[in-house]
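Please open the model in your viewer and keep the sequence panel beside it. The stops below each begin with a selection and then say what is to be found there.

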Amino acid sequence: MVNERVRKAFTATRALGIPDQEVKPVLKNLLKLYDKKWELIEAEDYRALIDAYFESKEYKGLEEKENVVEPGQSSRLSKQLRLQELEDQASSTKGNASQILSPEESEKPVINLQQGVKVLHKRDSSSSGCSNSSNKVEQQLVTSERKRLFHIISDITKGTENVKISLVDEIGNQDLPKFIYMRHNVIYQKAYVHVSMARVADEDSCSGCSGDCLSVPIPCACAHETGGEFAYTPEGQLREEFLRACMSMKMEPQEHHFVYCQDCPLEKSKNEFKPEKCKGHLVRKFIKECWIKCGCDMQCGNRVVQRGIACKLQVFLTREGKGWGLRTLQDLPKGTFVCEYVGEILTNTELYNRNMKSSGRERHTYPVTLDADWGSEKVLRDEDALCLDATFCGNVARFINHRCFDANLIDIPVEVETPDRHYYHLALFTTRDVRASEELTWIRYLPA
């Protein structure tokens, strides 16, 4: 028995004259790519399925030998216009399979889906009663030579993450992104990040723990940073109270949440000799995760970020002109860890110089200043004033678009391997329940 959703997909492609047996393998591949998320395939009247079918035919170079090409027609036509015309022809018969496949309909001029040209079935063309309208359609089709592409990459991480992260371009007007995918932050050149066992004090680790720290009734030393309670629930999400406090500080910061540098590294990077006054840095709440000196194992509930990405994600080309975006392929509960923002670790001076040397042709992502605890030191050296830049090297977070007020992700600083607060991991968590296929966006800017 054919699944109802499969039947509807076949009905949509039959309206374009595509045989079921040719659609079946394409549909199977898309279901695998989209992790069986039918909503992505059914969107816009099965646009993804139809585009994928055309691309499969182009790549295989199949042609229909029984059709006759009308003289003087271009061999490469706009796929978008072809689909639009076919949909117009099928609209009057939509929902009625017998009409779509009727002899009367088969005698009408059709578009050859394999060759990409307008053709007629072998018959006397004078018997057509709509020559004027068909000529207009031919003219419209021939004048457009823009070709739509359908890009699919099964895993942009090249196996470096715990899960595969696919990339799809369902629009076809964007070059594939060029960057080096990496799972962990890497120092660019002068940034100072000191990681050593001696830097982690015994009282700041839980060497006496075993198994899962969240399973014991009394929280261990690693919970001190979050007020004696772990930031995570046993299910792996952020505690409601902790998430609410982080969101309040981010979205509605008070004056006492800011610190002002005496000699601001950001301003010095712009003008070393006459820097402007510090504009303020928001002091953030940190999560401290267990690490090597702790006695617990890697499945401990206080090792969420360091275990890496566990969600099913997909990079896609947005239809709102925002470029690439990131969406989830599964429902995500509120407080779920999605991914870490990964990039090159630069000093702010290095970032400023990099931007000054930029030709403007590179598509830069937004750099992130690691200033969540700059207030703990009166003076910061340039090599301690760090930021993350994912323009050339980074992970999937570089594709996340930013929003001011209604984003569904928030960034939270996470301490793992070093107590030096000028370097930390920047983890992204959901601020609410997020449905499958929904775009993930980040609360990036503070309200004015």
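Select Lys158 first, which is found in the loop between strand 4 (151-153) and strand 5 (166-169); strands here (E, at least two residues) and helices (H or I, at least four) are DSSP runs, numbered from the N terminus. Phi of Lys158 is near 55 degrees, a positive value in a residue other than glycine. Most residues other than glycine have a negative phi. Lys158 is exposed, with a relative accessible area of 76%, where exposed means over 50%, buried under 20%, and partly exposed in between (1.4 Å probe, protein chains only).

Before going further, note that this is a predicted model, in which local features need pLDDT of at least 70 and side-chain atom pairs count only at pLDDT 80 or more, while totals for chains, interfaces and linings use all residues. Residues are numbered from 1 along each chain as its sequence is written, and side-chain values use heavy atoms, with hydrogens and water left out.

Now select helix 1 (residues 4-14), whose buried residues are Val6, Ala9, Phe10 and Thr13. Seen down the axis of helix 1, these residues fall within an arc of 100 degrees, so they line one face of the helix; the arc is that of the directions from the helix axis to the C-beta atoms. At the start of helix 1, a side-chain oxygen of Asn3 comes to within 2.7 Å of the backbone nitrogen of Arg5.

Zoom out to the whole protein, which has 10 helices and 20 strands. Of its 448 residues, 49% count as buried. The accessible surface comes to about 23,100 Å², of which 50% belongs to carbon and sulfur atoms; the areas come from the Shrake-Rupley method with a 1.4 Å probe, and for residues only the protein chains shown count as cover. Among contacts (heavy atoms within 4.5 Å) between residues at least 6 apart in sequence, 72% join residues at least 24 apart.

Which residues touch the most other members of the largest nonpolar core? Select Leu313, Val315 and Val396, which do so among its 37 residues; such a core is a set of buried Ala, Val, Leu, Ile, Met, Phe, Trp, Tyr and Cys residues joined through side-chain atoms within 4.5 Å. The elements giving two or more residues to this core are strand 11 (313-317), strand 12 (324-328), strand 13, strand 16 (386-394), strand 19 and strand 20. Apart from it lies another core, of 33 residues, among them Cys206, Phe242, Trp291 and Val416. Returning to Leu313, its contacts beyond four places in sequence include Ile165, Leu326, Val338, Val396 and Leu440.

Strand 13 (residues 337-341) is the next selection, and 5 of its 5 residues are buried. Strand 13 runs antiparallel to strand 19 (residues 425-430), to which 4 bridges join it, and Tyr341 stands opposite Leu426 in strand 19. Two strands are taken to pair if DSSP finds at least two bridges between them.

In strand 14 (residues 343-347), 5 of 5 residues are likewise buried. Strand 14 is joined in parallel to strand 7 (residues 186-187) by 2 bridges, with Glu344 as the bridge partner of Val186. With strand 16, strand 14 pairs in the antiparallel sense over 5 bridges, and there Cys387 is the bridge partner of Leu346.

Select Glu439, which lies in strand 20 (residues 439-443) and, at 16% relative accessibility, counts as buried. A polar contact of 2.9 Å joins the side chains of Glu439 and Lys322; the term covers a pair of N or O atoms within 3.5 Å, where, within protein, one must be able to donate a hydrogen and the other to accept it, and residues adjacent in sequence count only if both atoms are side-chain atoms. Beyond four places in sequence, Glu439 also touches residues including Phe316, Arg327 and Asn408.

Finish at Thr418, in the loop between strand 18 (409-415) and strand 19. Is Thr418 buried or exposed? At 3% relative accessibility, Thr418 counts as buried. Its side chain reaches the backbone oxygen of His194 at 3.3 Å, and a polar atom of that side chain lies 3.2 Å from the backbone nitrogen of Asp420.
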